[in-house]
Amino acid sequence: MSRQMAQTVSAASVQIDQEREEAQNKVAQAEKHATEVVIAAHEHDAAVAEFQSAMTQAPPSIIS
């Protein structure tokens with residue numbers, strides 16, 4: 001009986017390790033995606049600011 005218990009514990013340990021690794025991979029992917037979103041937001045904000053600056057400096061005939 002103790003041999004069967006040891007095998008069960010070993011199998012559970014392996015499964016837990018696999019699930020932990022999978023969860024860590026998912027966290028890493030989510031962090032990478034979040035970083036990409038933040039970078040894209042900063043790039044967007046910079047482009048909007050550049051556009052707004054260009055619009056305020058453009059001659060009136062170009063704007064209208």
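Reading the salt bridges

Tutor: D17 is partly exposed, with a relative accessible area of 41% (buried is under 20%, exposed over 50%, partly exposed in between; 1.4 Å probe, protein chains only). This is a predicted model: local features need pLDDT of at least 70, side-chain atom pairs 80 or more, while totals for chains, interfaces and linings use all residues. Numbering starts from 1 along each chain as its sequence is written, and side-chain values use heavy atoms, without hydrogens or water.

Student: How many salt bridges does a search of the whole structure find?

Tutor: Side chains of opposite charge can pair when their charged atoms come close. Here the search finds two salt bridges (Lys or Arg side-chain nitrogen within 4 Å of an Asp or Glu carboxyl oxygen).

Student: Which side chain does D17 meet in a salt bridge?

Tutor: D17 meets R20, at 3.1 Å from N to O. Both lie in helix α1, residues 2–57, three residues apart, or about one turn of the helix. R20 is partly exposed at 45% relative accessibility.

Student: With which residue does K26 form a salt bridge?

Tutor: K26 pairs with E22, and their closest N and O atoms are 3.4 Å apart. These two residues are four apart in helix α1, a separation of about one helical turn. K26 counts as exposed at 51%, whereas E22, at 45%, is partly exposed.

Student: How many helices and strands does the chain have?

Tutor: It has two helices and zero strands (DSSP runs numbered from the N terminus: H or I, at least four residues; E, at least two).

Student: What percentage of the chain's residues count as buried?

Tutor: Of its 64 residues, 0% do.
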